Amino acid sequence: MGLAGMALLIAVAFTACNKKDDNGTTDNFDRKALLTNYADNYVTPAYQEMVAKMNTLKQDAAAFTAAPDEPKLLALQNSWKDAYLTWQKVELLEFGPAENVSLRMYINIYPVSETKVNNNIASGSYDLDAFGNKDAQGFPALDLLINGTGATAADIVSYYNTGSLATNRKNYLMAVVNKMTDMITGVQSAWAGYKDAFVESTGVSANSSLSQLVNSYVLYYERYLRSGKIGLPVGAMAGTPSPGLTEANYSPALSKDLAVAAMKAVRQFYEGMSYDGTNNGVGMRDYLAAIGTKDEQGKLMSDVVAAEMDEATTALEGLNGTIKDAVTNNRPAVLSVYDQLQNVVPLLKVDMVSAFGISITYVDNDGD
Amino acid sequence: MKLTTPHILSKQYLQEAVPGASLAFFRIVFGLMIFGGILRFWLKGWIDQLYIQPKFFFHYYGFEWVQPMGQYTYLLFAVCGISALFFALGWFYRVASVVLFLSFTYIELMDKTNYLNHYYFVTLVLFLMMWLPAHVNMSIDALRDKSSAKRLIPRWTVGSIRLMLGIVYLYAGLAKLNSDWLLQAMPLKLWLPARNDMPVIGWLFNYEWTAYAFSWFGAVYDLTIAFLLLNSRTRLYAYGAVIAFHVMTSLLFPIGMFPYIMILSTLIFFDGAAIERVISKIKRLLGVLPAVVNNNVYTFRAGFRKPLAVMFVVFFLVQAIVPWRHAFTKGELFWTEEGYRFSWRVMLMEKMGYAQFVVKDKITGKEIGINNNDYLTKNQEKMMATQPDFILQYAHFLRDQFKAQGIAEPEVYATIYVTLNGRRSRLYVDETRDLAKEYDSFKHKSWMKDFQDDIYGL
């Protein structure tokens, strides 16, 4: 009869005599439903909005470079800010088509290298596809170009209107915007062709959709949110702050908004909420709840993770002043925010991943 | 007429001549399987990935001198694979079996990251096989030298391989008699839902009781299967269960060669005469297995018998005792893993860790956060984060690394969170202890944090 036969027999016996136990919790084990929810209700609208924001940014950049003046600069700065805030809800999606083209590398690697940007502008010939140019483009390079090239709006406008390099500067600004728009639009259209395969890959191996999604999510949280936005600027590891490493270095007032937007996106994504935040679908939290691991007080681990994330969000929101200033002048407060963010890391990386039966590894080897 | 049935541990019973076909057949199957395993390892690029790429290797206590050999590691695997073929063919068997045992064991000792119970099992069986007359039947050696061809061999020689398998199963079963496995259905409760997209039976894994059924069935299977295989009346059914059980585990879990090793190895339980009958049928069809038909009995050289007997008795005593050694250390075995390896504890834990190391310059007070991937492969990092002896070796490696870079007195601190069988992760080692100053031993590691929960059982 064997094990399979035995199991089947027990199953028949069980379903025959125990029909009342059908309370629907098994739906949350449905990885296809989870993947479908993420693909349809988060990923698709996220790229849709991101592309729309990029198109606006591109229009404003084109208008500004055609005839630079202060009102057009202001419009460009606003659409840049708007697109950057939207990007905070998209950056955590670095799996599938986005991972294939290393989207994040082209969109948000900071600090921007002023030297590379200036050299590119001076020479007028550059290849933005080149890996070496990853820190000379994206939102951080735009931040430098439209916020950091002068002390006042008038100074920035004159940066594009005067001198022998004015044309090169305008060209570079447009090249960066075009490159970003092309990359993001490319990923959006690639998703349309990838979605079915994504939803059908319901396993838990290293190549499965769940593993890719969770791995990229945890990696993003640990390396780009916790470390990138707070840990590195405050020098949590190094021991000394480096304010120059702050995201949106030339627009210090924006850094905290970006970090809070990213944290809220992480929380929302964990929950399985739709992109616009109106609907709650099957997400990691539901899947973890279905598995049912609990802490020593009997509290569901899925709730523990949510609560820790909420605490970290509150701590981050409560930070006074700009991050760039606080890492030096209010260091203990920023370090305490970092600790709150750090508390979530083991919960995601160890507790959740372990319960999901996937692993944080790309080495495909035997176990026992 | 037989007056008394000899006791199964009596000299008379153990030395009785029995058909050696089952041991010879086992030799062929086992040798080919190792050859296949080496080939698989090679083709998957694992030699490079596991033994050439890493910058650092985790050594077994006392075997620090066993090192991978750069590109020559391929040569080592080639030697191992070729000797496995010679072993299977029974061609220069004594030399082949010694070379195979040494090369396979060397491979296993190079990095304990890659420890698997079934590799350890292969090592032990290869050790036994070096001394056994597995080449006097169905072998090229027996064809080349007709005087060495013997149909009959002492019973204990076949019996020792059966005993080895019996120990593996029985201890694997005993290890399952713990509260996590039986009362919480852990870790199957985590692993089975992950496979609920399997065809036909996948839906079963959405139910908690399936995990319980599998846990209890697995424990009963492991505890009883060796006895059912020994009994001639239940043997055929038991072998059916062996196939079903291991095929099932291979479908459910990423455990590589293990299921096939067990399915093929348990063929040793079949009676030599039965193997001969089957072979005689296949031989008519294929004519490839040169089964010996004389009635000569293999005998060990006179001066060799006693030392061999002593060695085998000691070997099995050690095998019987080693899995219990955790009883002599304090702390929860699953948490400390002091005495976990070499004990046939298979698939008992879902354990995962997250380790962050900091190297501190004692003189300047400057701290450096370590990115483990600068030194370890993903797989090494994963194994390191849940096992204290790995953690300590790695800490010492970091200490030496930074000493070489000019930090006179590097201190090494680790923040490690570990989850075990679905429990909430907690700190694994004392964050305030300088691991650069701690030393490995077989004693309890006082720098570890307590488990603060209980797992009852063996």
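Colleague: Before we start, what puts two residues in contact here?
Modeller: Two residues are in contact if their C-beta atoms, placed from the backbone, lie within 7 Å. Please note that this is a predicted model.

Colleague: Then how many residues of chain A are in contact with chain B?
Modeller: On chain A, 41 residues are in contact with 45 residues of chain B.

Colleague: Which elements of chain A give two or more residues to that side?
Modeller: These are α1 (2-17), α13 (301-317) and α15 (331-356) of chain A. By class, the side of chain A that touches chain B has 22 nonpolar, 12 polar and 7 charged residues.

Colleague: What does α15(A) pack on?
Modeller: The helix α15(A) packs on a sheet of chain B, where it touches β3 and β5. Its direction makes about 150 degrees with that of β3(B).

Colleague: What is the strand order in that sheet?
Modeller: The sheet is open, with 4 strands in the order β4-β3-β5-β6 (chain B) and antiparallel pairing. Its edge strands are β4 (367-369) and β6 (426-427) of chain B.

Colleague: And how many bridges join β3 and β5 of chain B?
Modeller: They pair over 11 bridges. One residue pair is B:Phe357 with its bridge partner B:Ala414 in β5(B).

Colleague: Changing topic: at what angle do α3 and α7 of chain A cross?
Modeller: Their axes come within 11 Å and cross at roughly 160 degrees. Angles over 145 degrees count as roughly antiparallel, so α3(A) and α7(A) are roughly antiparallel to each other. The crossing of these two helices is left-handed.

Colleague: Which residues meet there?
Modeller: Among them are A:Leu73, A:Trp80 and A:Trp87 in α3(A), and A:Phe139 and A:Ile146 in α7(A). The contact of α3(A) with α7(A) has 8 nonpolar, 2 polar and no charged residues.

How values were computed. Residues numbered from 1 in each chain as written. Chains lettered and ligands numbered in written order. Predicted model: local features only at pLDDT ≥ 70, side-chain atom pairs only at ≥ 80, totals over all residues. Nonpolar A, V, L, I, M, F, W, Y, C, P; charged D, E, K, R; others polar. Axes fitted to C-alpha atoms, helices over the stretch in contact; angles between N-to-C directions. Parallel < 35°, antiparallel > 145°, perpendicular 65-115°, else oblique. Left-handed = near helix turned anticlockwise from the far one by under 90°. Pairing = 2+ DSSP bridges.
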